[in-house]
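Here's a quick tour for someone seeing this one for the first time. Have a look at the sequence and the model below, then read on.

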Amino acid sequence: MNWLSSSRLRTMLLPLLLSAATVLGLGSYTETSDDQTLAWLFSGVLALKPVPSVPLYLHGYGHLLAAAYAAVPAGPWLGLLLGTLLAGATAMFFAVLDQLLRPHLRPGPLALVLMLFFWLAWLEHWLWFSHGRVALLLAGAGMLFAAQRAGRRRALLLGLLALGAAWLVRPGLAVLGATAVVPAALLLAGSWKRAGPVLGSAALGLALATGILHWQQTPVEAATQQRDATFSRILDFDQFHPQPRTPVDSLGTAAVGLWLFGDSTVVNEGLFRRAYRFDAAQFFGREVPAKLRLRLGLLGRDYFPLLLALVVISGQVRRRRGRIAGFWLVQAAFVGGLILLAGLLKLPPRLALALLDFWLLTNVIFWLKARENDETGEGSAENGYRARGTISPLARGVGVAAVLAVIGLYGAKTWHRHQVLSQEQQRHEKTLDDIAYHRDARRVRILAGTNDLLKSLSPFRSYNFMRQPVLLLTGWSSHDASQVALRRALSGTTDQTECLRRLAQLETYGSEAEVLWVLTPETARWLSRRFRSGGVRLHLVPTAPPLPGTLTSGVRVYRTDNRDFGTI
């Protein structure tokens, strides 16, 4: 085990090997549909050509991704980019841990601790892949790396580059990651004076980047961001509830509930002002408690090893009275932040584990600082602290058994999650293949309610529809500016309802239908209702049972009742 003596191998080769082993052995699965939707936009699956810019995500990277997809359409370029950034965040976090623990552990035990940390606190970041995790972890790791090496210009530059790269992926999450590690950064730097250049440079850089982004933002991009924020408050945060007053408002609120955002005639700013209300009593009295019960229960179920570690370390620090005040203030800040996110906003796994990682690292630093003070005599006599004796063999044995039990339980849980995600991936890939290679030749594919099929896919594989046009009516991409150009190219009009009506007419010509409708029953009913409200005699009816792997959502192929495509 001589190679373990090299810190570079422990901080570079070891995390890369563990990451590769996770991806190759357990697989990697997208946590949400957002990553594959982004890949489809950048590759041109959901647009006329590769889209170089998306208002909400991956600022600057889009042009590189669009060029890469245009050159080699079959490459999983978005997954490779995000995987590279996550590998960088993993290496930087390992470097911080290694330097922190090196004075206390020999190389062999230190390597084992690093592997244990990866198994219990980091593996999920690769298993359950998300660009949100990448932004949060890279920003935090960059700040920690620079603070631990305060005074070194190269480390500061590398940390700021990591923070900037994270901000370009997802600005809001990069700011959250940088904020969450401020206590750990102060402890690692040793004082406000030493941490000042790191924290000041980071704050200034984030402020300048945000200002430049808003300054160069077009009105269309600003409107898209505003609409997305409104959709989040309605659908993600449960802050607004629909109260439609007219049939048109009812049609619009139903569309928002189904994530059908592309029809600007019924889903617009006027709808949000008229048909949605914030009820403080209902939100704080019912929604927030329900969200907290749900999310806190999931935290205990999914991350019990980290929560147990936080409790144990807190108990150890409590026995040492030198840094109690600062320690408990930080604990209150983390608890308050998690409650704020879980109750008022949302706390999905991609945020929860990263924040728990930062919290755990902060507490480990507190604990080691307290031990150092005890060993040097600080805070012992004057604070009334007496050093405890050595741990008895029985207590040591019980502790080792408890750790092994936690490792085993979490290992079983991780294996179960791998099996569930792998099976879901196989079902979704099979269904996407059925849609892509349907038995009839199709010119256009119209999808609605199918976004869940984009979850649990591999970020390191390319999924496409043989370069045939795809019109995705649901999800945040449905109100992207690229969809206006796509509708115009497909039908000659930018209006979504008229575009769909004209595309439906194609089914009446030739021996092969030109349009493949793949919808859920709910979206099909809404589209038929929308056609009727616009005076169009058009009805969607299913042609077959639900597609394999979609029995829960009921996704199936539809056709139009094509007796009359005229207006009423």
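Helix α9 (residues 182-189) and helix α10 (residues 192-215) have axes that come within 8 Å and cross at roughly 130 degrees, so the pair counts as oblique (under 35 degrees is roughly parallel, over 145 roughly antiparallel, 65 to 115 roughly perpendicular, and the rest oblique). The crossing of α9 and α10 is right-handed.

Who does the touching? On the α9 side, it's Val182, Ala185, Leu186 and Ala189; on the α10 side, Trp192, Arg194, Ala195 and Leu199 (contact means heavy atoms within 4.5 Å). Sorted by type, the residues of this contact are seven nonpolar, no polar and one charged.

## Two residues with a positive phi

Most residues other than glycine have a negative phi. Trp259 isn't a glycine, yet its phi is positive, at about 65 degrees. You'll find Trp259 in the loop between α12 (247-257) and α13 (269-275). With a relative accessible area of 34%, Trp259 is partly exposed (buried is under 20%, exposed over 50%, partly exposed in between, using a 1.4 Å probe and protein chains only).

Ser456 also has a positive phi of about 65 degrees without being a glycine. Ser456 sits in the loop between β5 (444-448) and β6 (470-472). Is Ser456 buried or exposed? Ser456 is buried, at 2% relative accessibility.

## About the model

This is a predicted model, where local features need pLDDT of at least 70 and side-chain atom pairs count only at pLDDT 80 or more, while totals for chains, interfaces and linings use all residues. Residues are numbered from 1 along each chain as its sequence is written, and side-chain values use heavy atoms, leaving out hydrogens and water.

Definitions and conventions
Axes fitted to C-alpha atoms, helices over the stretch in contact; angles between N-to-C directions. Helix = DSSP H or I, 4+ residues; strand = E, 2+ residues; numbered from the N terminus. Left-handed = near helix turned anticlockwise from the far one by under 90°. Nonpolar A, V, L, I, M, F, W, Y, C, P; charged D, E, K, R; others polar.
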